[in-house]
Amino acid sequence: MSRKTLRIALNGVTGRMGYRQHLLRSILELRDQGGIEVADGERVMLEPVLVGRNSAKLAEMAQQHSIDEWSTELDTVLSDDSVDIYFDSQITSARERGIRAAVAAGKHVYSEKPVAETSAGAMELARLAEQAGIRHGVVHDKLFLPGLLKLRRLLDGGFFGKVLSVRGEFGYWVFEGDWQSSQRPSWNYRTEDGGGIVSDMFCHWHYVLENLFGRVESVTARATTHIPRRWDERGNAYEATADDSAYGIFELADGVIAQINSSWAVRVNRDELVEFQVDGTEGSAVAGLRGCRVQHRSMTPKPVWNPDIPSGERFREQWSPVPDNEEFGNGFKAQWERFLHDVLRDRDHPYDFFAGARGIQLAEAGLRSSSTGQRVQLENLEQ
C-alpha cells in the first residue's frame, strides 16, 4: 500500500471552534485513523502544522497531540514548499490577510466562514484563487449534520411534493458574563471586532437554503441588540455594539418562502438548538442537528379552532421519526474529507469561495434591510 502525506497549516486552532471541531475531531481523527483512503486502496496521511500568535498555547497543544511542528510566523510556514493546504479559523477581521497570503503562496485554502469581512473582499479572494489554480473551500458544516442529511434524503425522494415554506428557529440564552460566565467570546458582541449574529448566522442560512431549497433572491430582515451590556473574559463590562438577534424573511427561487429567527437572547423550548420546519403539499418535516420528524399528507390530523375547550390533540406525538439508515459522522470531519479528496483529485470543491461570498452578500443585504426597513433584492455576484 503506497502512502503520501498532505501537510496542512492550521491557523487559529487555539480558539474553541478551531480546536474542538477542526483540529481535534477532524484532522487529528483522520490522522489517527491512518489518513484518508483514495483510489486503489492508497492512503494519504495527514500532517498538521499549527500556526498562531500564542507560542505557549501552540507548544502545549503540539506536545499534547504529538504534532511535530508549530510556528507563530505565518509567512515562514507559507514559504515552505512542503505545506500543501492552509486552513484559517482566526477571528473574521484577521482572516482575509491570511488567506490572501496563502493564495499568493500557491496553497490550497480551506476556511471557516465568513471567508472575508465583505462580499467584495470574498469575491476578490475567489478570483485570485481561480487565477492561482488552487482548490478553495469554505466550511458548510450544517449541510453534513445528521438532521439535515435526513432532510436532504426526504427532498431527494420527493417526500414533500412541492415545497411551500421553510421556518427556522435558532438560538439560546448566552449569559451576559456578570453573574455567570458567557458561553461565547466577547468579540462576538462588538461590531468593531467583526461580531454580530447576522454576519455569523446568515452565512449559514444562505448555504442551507441555497443547497436544499433554492437560490435566495431577496431578504427582509430586522436585526437588533436585545442585551446592550455584557462582561468580557476578564470580568470587565463593555457595550455590546453588535446585533445579538435577527429576524429574517427570505424569498427563494420557485416561490419558496423561508422565515428564520436567530437569537442569542432566547430560551430554548424546542428539541434542539436549531430546527427547520419544511412544509410541502404532500408532507412536512422538522429537522434539527441530529433528528428529523415527518408527517405525511395521509397522516395529517384535521384540527378545528375552538378556544372555548381544551384541545385533545397531542400534536407533537403525531409525527414520526426518520430512521438513521446509516451511520452519520461529525459534520466538520465529513466536509474536511470531501475537501481533501477534491484537492487530491484536482477537482472543484462545491462549497467554494464564491459560495462563501454569496453567504456574506446575504448578511450584508440583511443588515441593509434592517437599517432601511426595506426588502433587499440580491444581485448575481458572479456576472
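I started with the record. The UniProt annotation, from an unreviewed entry, reads "domain: Gfo/Idh/MocA-like oxidoreductase N-terminal" and covers residues 49-137. The model I am looking at is predicted.

Next I looked up the fold of that stretch. Over residues 49-137 I find 47% helix and 18% strand.

Then I turned to the domain assignment. The protein chain is given domain 1 at 5-134. Domain 2 comes in two pieces, 143-329 and 360-376. I took the domain centres over C-alpha atoms, and 29 Å separate them.

How many residues of each domain are in contact with the other? I count 12 residues of domain 1 against 11 residues of domain 2. Between them the two domains bury about 780 Å². Carbon and sulfur atoms account for 61% of that area.

Which residues form a salt bridge? K113 pairs with D200, and their closest N and O atoms are 2.7 Å apart. Across the interface of domain 1 and domain 2, the rule finds one salt bridge. I also note three residue pairs in polar contact between the domains, with both residues at pLDDT 80 or more.

Last, I checked which helices supply the domain 1 side. Both α4 (92-104) and α5 (119-132) give at least two residues to the side that touches domain 2. I sorted that side of domain 1 by class: five residues are nonpolar, four are polar and three are charged.

How values were computed
Residues numbered from 1 in each chain as written. Predicted model: local features only at pLDDT ≥ 70, side-chain atom pairs only at ≥ 80, totals over all residues. Heavy atoms only, no water. Domains from an automatic or database assignment. Contact = heavy atoms within 4.5 Å. Buried area = accessible area lost by both parts, 1.4 Å probe. Salt bridge = Lys/Arg side-chain N within 4 Å of Asp/Glu carboxyl O. Polar contact = N/O pair within 3.5 Å; in protein donor to acceptor, adjacent residues only side chain to side chain. Helix = DSSP H or I, 4+ residues; strand = E, 2+ residues; numbered from the N terminus. Nonpolar A, V, L, I, M, F, W, Y, C, P; charged D, E, K, R; others polar. UniProt positions renumbered as here; feature names shortened; annotations may be inferred.
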